[in-house]
Amino acid sequence: MSVSIEKVYLAVLEGDAIAVREHVQSALDVGNNAGEILNAGLIRAMDEVGQRFEAGEFFVPEMLIAARAMQSGLGLLKPHLADDDVHSSGKVVIGTVKGDLHDIGKNLVAMMLEGAGFKVVDLGTDVDPAKFAEEVRQGAQVVGMSALLTTTMNNMKAVIDAIEETGLRTEVRIVVGGAPVTEEFARQIGADGFAPDASSAVRVCKTLLE
Ligand code: B1M
């Protein structure tokens, strides 16, 4: 791994947003691939943050500061993450489910979908099922839900129920993801697709709309 990417990783752990941007820029300037900077720098650092949190070495403020630092690096990577090979388009509404405030993964998925030519409506975090249902009435072709907590992933089913109540369930494709979500869980709650990461989310949305 390049020295610049290692510096990105360390700067996220230190929660230093300015250094993250500087090192992301240097990593790009020396020719590193944006996907590699994302995975080996930014995402790997957030995994380490999670492990330190579990070990009682990091607390919520440290997680938050690291998350902000990561988001600043993501912003810089955004124009480089577009997947030129994907030409599909459609309207996707995306959000983090009720009770859940984690948005980094969801933002990444939204960014990749936009890069792939989808029109993305981002409802943000802690989204009420009724809001997703309203977007389906407004013509969304895909509903994307993200959850990072084992306690909130069940709220995905509440969204599917709300969509069923609109009578438009067959008009829309539902994709779910987030660290605790699995393919089996997706099937159990009646989603149409599951994606383990942002680039697979693009592929899944594209396939579901074909
Ligand atoms: Co939170 N948190 N957190 N946290 N946090 C986790 C999730 C946790 C695993 C940490 C740990 O204990 N190891 C743990 C959950 C445990 C569990 O449920 N089993 C946890 C906890 C406990 C909590 C609080 C309860 C802590 C507390 O207050 N005591 C609290 C809950 C708040 C709430 O939501 N109501 C909380 C708060 C926070 C912060 C606010 C401080 C901050 C979030 C800031 C933000 O998002 N703006 C935070 C953070 C940063 C984390 C960790 C460290 C990092 C999450 C992250 O951003 N990862 C996380 C530990 C971890 O995941 N390693 C943790 C990077 C991101 C790119 O990955 O989101 O998984 P991810 O997204 C991936 C895929 O999952 C997938 O694609 C993305 C890119 O590859 N994906 C999709 C995601 N959504 C998708 C949707 C799709 C398809 C794919 O289709 C639509």
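**Close-up views of a predicted model**

**View 1. Helices α6 and α7 cross each other.** In this predicted model, the axes of helix α6 (residues 129-137) and helix α7 (residues 155-166) come within 8 Å and cross at roughly 40 degrees. That angle makes α6 oblique to α7. If you follow the handedness here, α6 passes α7 in a right-handed crossing.

**View 2. Helices α1 and α2 form another crossing pair.** Two packed helices are described by the angle between their axes and the distance between the axes. For helix α1 (residues 3-14) and helix α2 (residues 17-29), the axes come within 8 Å, and the crossing angle is roughly 165 degrees. Angles over 145 degrees count as roughly antiparallel, and α1 and α2 are therefore roughly antiparallel to each other. Their crossing is left-handed.

**View 3. The largest pocket lies between two domains.** Rolling a probe the size of a water molecule over the atoms shows where empty space is left. Here, the largest pocket holds about 1500 Å³ of space. Why does the largest pocket lie between domain 1 and domain 2? Domain 1 (3-83) and domain 2 (91-209) both give residues to its lining, so the pocket sits between them.

**View 4. A closer look at the lining of the largest pocket.** In total, 46 residues line this pocket, and M46, I104, G105, L148 and A179 are the ones that lie nearest its centre. The elements that give two or more residues to the lining include the helices α3 (34-54), α4 (60-77), α5 (104-115) and α9 (198-209). Strands β1 (91-96), β3 (142-146) and β4 (173-177) also give two or more residues each. Which element gives the most to the lining? That is α3, with 11 residues. Sorted by class, the lining of the largest pocket has 29 nonpolar, 12 polar and 5 charged residues.

Methods. Residues numbered from 1 in each chain as written. Predicted model: local features only at pLDDT ≥ 70, side-chain atom pairs only at ≥ 80, totals over all residues. Heavy atoms only, no water. 1 Å grid on protein atoms, 1.4 Å probe; cavity = no way out; pocket = protein on both sides within 12 Å on 5 of 7 lines; lining within 4 Å. Points joined across faces, edges and corners; volume = space filled by probe spheres on them. Helix = DSSP H or I, 4+ residues; strand = E, 2+ residues; numbered from the N terminus. Nonpolar A, V, L, I, M, F, W, Y, C, P; charged D, E, K, R; others polar. Domains from an automatic or database assignment. Axes fitted to C-alpha atoms, helices over the stretch in contact; angles between N-to-C directions. Parallel < 35°, antiparallel > 145°, perpendicular 65-115°, else oblique. Left-handed = near helix turned anticlockwise from the far one by under 90°.
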